[in-house]
2 protein chains.
Amino acid sequence: MKTIALFDPIREDLERVKRKMRQAAQTEHERLTEALQHLLSSEGKYIRPALVILASRFHPADEDKVLALAAAVELLHTATLVHDDLIDGSLLRRGLPTLNATWNPGATILTGDYLFSRAASLAAETQNVRVVVIFSQTLTLICGGELRQLFSGQSRPPTMDDYYRRISSKTAALFATSTEAGAVLSGAPEDQVQALRNYGHNLGMAFQIIDDVLDFAGDEEQMGKPVASDLRQGIVTLPALYFLSGGNNSGVVVQVLNGTRRDEPAVRAAVDAIRASGALEAAIAEARRFSRRGQEALKVLPDNPHRQILFELADFVVERNR
Amino acid sequence: MKTIALFDPIREDLERVKRKMRQAAQTEHERLTEALQHLLSSEGKYIRPALVILASRFHPADEDKVLALAAAVELLHTATLVHDDLIDGSLLRRGLPTLNATWNPGATILTGDYLFSRAASLAAETQNVRVVVIFSQTLTLICGGELRQLFSGQSRPPTMDDYYRRISSKTAALFATSTEAGAVLSGAPEDQVQALRNYGHNLGMAFQIIDDVLDFAGDEEQMGKPVASDLRQGIVTLPALYFLSGGNNSGVVVQVLNGTRRDEPAVRAAVDAIRASGALEAAIAEARRFSRRGQEALKVLPDNPHRQILFELADFVVERNR
């Protein structure tokens, strides 16, 4: 397991989550099970399950239910990635071939659906109606956000507001659900549940902004996918928005974004222009503001080692380089 | 609403279910909402929601929860159809263009996911953990069955057992869930819950066998989709299994099934051969056996008008011609 050092105190719990996910993805078909295990073995950071576990540690909680929810959250995330990769036509994720790179679309769609259903079953294992409601609403938010992007993307260039809404449903919603539902399972008082939800939301916003910055920063080998993959698909993220709003000479960036040019030299020139403009630094500063807001929210919680990990995690997501 | 006459006593409830489904499929995007409303306006028979309602009527139940569950079940069914039509490349369903006939695959995949999430939220509105568990397990069964078909279909010709397993997960599982969960919501004693589940399963088996028979029987205008669509995709259903096991001179049927020939004259010849062999009648007789088993299961229930409707419904699904 290649998760981050901060999670060392809960590493064993995360290993159990991973086993639970793998059990949930068992099927009677060797080839299918193999592919699912392969999919689940790609080394994510396990941030979402870690959030569930840490958020549940301020009051006594039933550990089996916490781990079931942690596995549910990560499986839901995996399911959305399977469908996203198919929709985007992505062939690599975390440096490994995507399902759709080897399978036909039908098998890929059904595998995503299957993982959704396993995630829902794991969430139901908590036997907690409020958790199940939060969980299903999150899936609605995630899909609704992606549909919004598809349906409005065609009519006008996106604004900052569009961007924040998009990353809120794409990423922050599941982060917020992880911390909120973890807190609910521990029977935390409502102000603490809301504080943890608030923390999760802000952490998710910061996390996604940095993801979007890293898309411009790294190279293919480091990131496990092509550089500037958003730009190449015409997806406008915060660095591009800062660049465009900064009165820069934006010719090639606009051309790549609107698809007039997508050749390699144009993409490289657009990436260089954005890097040189200070837009990446501005986006990182914005991520830090979200991260601070998250840290602020933690203050109402009892001071314990888990609060400290959550606090440091908010710094980590801004400072990470992959 | 074009549902069947048998459902007249619960027609108003079904109208409310339809409104609930349409509300659940509201989005902020006019074009998307329009497409979803169009999708939900295609006139299905509403058998699954009717099963939920009827099964809940043997003991006093919270009507709002029953209708939420009825809408959840039908939305889940709709979501699976959206993905199935995309996977099969079907362009017509119930005589109307499918979503994928007008949209790109990404929008169609996400719309199916969105409907899954709305279905899950509606199921959670019952506030009943047992119902939520049954519901999510059904989605696992449905997707698992389709994956099985994809992954085993390539290795060997299907047997009768394969066929029964396939239609059990494809159709009978959601029928059984509808009656079981409806009964659970009414607080029925466990033997009645199991009897209603048993009824739903057998009704679903009979329903799907007749669907597979009708695929050979009707013409395109009557059925709203091309004749023998299964055969054209190499899908072996009960009529073809009876035909093949009956020692018939099966040349053209095998050729169409294994894809050696798929031209129109070959498909027509295969359909004619199966029709002439008595295989359709044998399949109908088998459907009737399932239907009788379902009627038998109803005996432990209190005798009331709803039990009578369920009884007659078991005859109807075998005798229907569309």
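Colleague: In this predicted model, is helix H3 (residues 47–55) of chain A mostly covered or mostly open, and how many of its residues are buried?

Modeller: Helix H3 of chain A is mostly covered, since the count gives 9 of its 9 residues as buried. As a general idea, an α-helix has 3.6 residues a turn, so residues three or four places apart point the same way. In the present case the buried residues of H3(A) include Ile47(A), Arg48(A) and Pro49(A) at one end of the list, and Leu54(A) and Ala55(A) at the other.

Colleague: What covers the buried residues of H3(A)?

Modeller: The cover includes helix H1 (11–24), helix H4 (63–88), helix H8 (160–185), helix H9 (190–217) and helix H16 (305–319), which belong to chain A. For context, chain A holds 16 helices and 2 strands, and 50% of its 322 residues count as buried.

Colleague: How does the radius of gyration of chain A stand against that of a compact globule?

Modeller: For 322 residues a compact globule would have a radius of gyration near 20 Å, and the 20 Å of chain A agrees with that expectation. Along the principal axes, the C-alpha atoms of the chain fill a box of roughly 55 × 50 × 35 Å. If one takes the contacts in chain A between residues at least 6 apart in sequence, 73% of them join residues at least 24 apart.

Colleague: Which residues have the most contacts inside the largest nonpolar core?

Modeller: That core has 215 residues, and those with the most contacts inside it are Leu69, Ala72 and Ala206, named in chain A and in chain B. To take one of them, Ala72(B) touches Ala119(B), Leu122(B), Ala123(B) and Phe135(B), when residues up to four places away in sequence are left out.

Colleague: How should I read the contact between the chains, and how many residues does it take from each?

Modeller: The size of an interface is often given as the accessible area lost when the parts come together. Here I can give residue counts instead, and the contact takes 37 residues from chain A and 37 residues from chain B. On the side of chain A that touches chain B, the elements giving two or more residues are helix H2 (30–41), H4, helix H6 (105–124) and helix H7 (129–152), and H7(A) gives the most, with 15 residues. By class, the residues of that side divide into 19 nonpolar, 13 polar and 5 charged.

Colleague: What rotation superposes chain A on chain B?

Modeller: A rotation of 180°, with 0.0 Å of shift along its axis, brings chain A onto chain B at an RMSD of 0.0 Å, and the two copies are thus related as by a two-fold rotation axis. Of the residues of chain A, Val129(A) comes closest to this axis, with its C-alpha at 3.2 Å. Because 100% of the interface residues of chain A are also interface residues in chain B, the copies meet through the same surface.

How values were computed:
Residues are numbered from 1 along each chain as its sequence is written. Chains are lettered from A and ligands numbered from 1 in the order in which they are written. This is a predicted model: local features need pLDDT of at least 70, side-chain atom pairs count only at pLDDT 80 or more; totals for chains, interfaces and linings use all residues. A residue is buried if 20 or more other C-beta atoms lie within 10 Å of its own, exposed if 12 or fewer, and partly exposed in between; C-beta atoms are placed from the backbone. Helices (H or I, at least four residues) and strands (E, at least two) are DSSP runs, numbered from the N terminus. Two residues are in contact if their C-beta atoms, placed from the backbone, lie within 7 Å. The radius of gyration is taken over C-alpha atoms; the globule rule is 2.2 Å times the number of residues to the power 0.38. A nonpolar core is a set of buried Ala, Val, Leu, Ile, Met, Phe, Trp, Tyr and Cys residues joined through C-beta atoms within 7 Å. Ala, Val, Leu, Ile, Met, Phe, Trp, Tyr, Cys and Pro count as nonpolar, Asp, Glu, Lys and Arg as charged, and the others, Gly among them, as polar. Copies are superposed by least squares on the C-alpha atoms of residues with pLDDT of at least 70 in both.
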